[in-house]
Amino acid sequence: LFISFAAPVSTLKIMEHDDSIGDAGIAATLAAILVMAQANAVFPLAAVGLNIPVGIATSLIGGLIASFIAFKLSGGHTSDKAIPQVHMEPIEKSKKLVPLLFEGGEAGLAIVLKSIPPLIIAIFMVNLFKRYGVIDFLEVILSPTLTLIGIPTVAVLPIVTKFIAGGTAMMAIILDLMKEGAMSVTDLNRIAGFTLNPLDPVGLAVLMATGSRVTKVAKPAIIAAIIGIVIRGILHLIIF
């Protein structure tokens, strides 16, 4: 359930070229991916107190709900009927499972490499915002709302970083805040439902690069993913 980019990118790449899979199926898969927590941020944060079992449960619940909504928004079985059903062998006779896995991993790595430029730009923007006081301004604006739902003001920086520079950059900010004692384990687990997911500019850039069919269903998938993430976030606020 905790995804890294290699697995979902490879999955979407395969679905992109499989005519037996309808657009609704791709949208449902993409929505689930966008809701579930990414491994590259989860496991480092587990070392400082992130609750993995709760994260697995909320990822599953939010991901399934988002998947169902995206499937329906994309037309469900109606859209699938328009696509000719092609009988496909589970694995081509000329290829074995291990070579196929290597090919998928290679394709995933190539796509991830394409995300490096937007990642650099995103991190630059975060530092620019910090330098010119935009983050401080956002803290003042967002503090009343965040405090109302039990999220401390100190969480503004990692939250803003997440939705500009992605989960890896956010993770680094959180680790620094926890090392300084500015953020507690409870605070970390309360914001995890909203922030530990690939729905950010960097994550979307990687996933959209898998092909035109994935890009085509991005809108319903993102709408569904937002609903799933809100549900995950509420569950974390209730539990913690």
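**Entry 1. Asp23**

I began with Asp23 in this predicted model and found the residue buried, at a relative accessible area of 14%. The limit for buried is under 20%, so Asp23 qualifies.

I then looked up the salt bridges and noted that the structure holds three. Which residue forms a salt bridge with Asp23 at 3.3 Å between the closest N and O atoms? I identified Arg213 as that partner. Arg213 belongs to helix α13 (residues 212–216) and Asp23 to helix α2, so this pair ties together parts lying 190 residues apart in sequence. I recorded Arg213 as buried too, with a relative accessible area of 15%.

**Entry 2. Lys216**

I next checked Lys216, whose side chain meets that of Asp23 in a salt bridge with an N to O distance of 2.9 Å. This pair likewise links distant parts of the chain, with Asp23 in helix α2 and Lys216 in helix α13, 193 residues apart.

Is Lys216 buried or exposed? I read a relative accessibility of 61% for Lys216; the class of exposed starts over 50%, so Lys216 counts as exposed.

**Entry 3. Asp200 and Lys162**

I turned to Asp200, which forms a salt bridge with Lys162; their closest N and O atoms are 2.7 Å apart. I located Asp200 in the loop between α11 (185–195) and α12 (201–208), and Lys162 in helix α9 (residues 156–165). The two are 38 residues apart, and the pair links distant parts of the chain. I noted both Asp200 and Lys162 as buried.

**Entry 4. Packing of α2 on α4**

I then examined helix α2 (residues 23–35) against helix α4 (residues 52–73). Their axes lie 7 Å apart, and the helices pack at an angle of about 150 degrees. Angles over 145 degrees count as roughly antiparallel, and α2 and α4 are therefore roughly antiparallel to each other. I recorded their crossing as right-handed.

Which residues make the contact? From α2, I listed Ala24, Gly25, Ala27, Ala28, Ala31, Ala32 and Val35. From α4, I listed Gly62, Gly63, Ala66, Ser67, Ala70 and Phe71. I sorted the residues of this contact into nine nonpolar, four polar and no charged.

Note on methods:
Residues numbered from 1 in each chain as written. Predicted model: local features only at pLDDT ≥ 70, side-chain atom pairs only at ≥ 80, totals over all residues. Heavy atoms only, no water. Axes fitted to C-alpha atoms, helices over the stretch in contact; angles between N-to-C directions. Helix = DSSP H or I, 4+ residues; strand = E, 2+ residues; numbered from the N terminus. Parallel < 35°, antiparallel > 145°, perpendicular 65-115°, else oblique. Left-handed = near helix turned anticlockwise from the far one by under 90°. Contact = heavy atoms within 4.5 Å. Nonpolar A, V, L, I, M, F, W, Y, C, P; charged D, E, K, R; others polar. Salt bridge = Lys/Arg side-chain N within 4 Å of Asp/Glu carboxyl O. Buried < 20%, exposed > 50% of the residue type's maximum accessible area, 1.4 Å probe, protein only.
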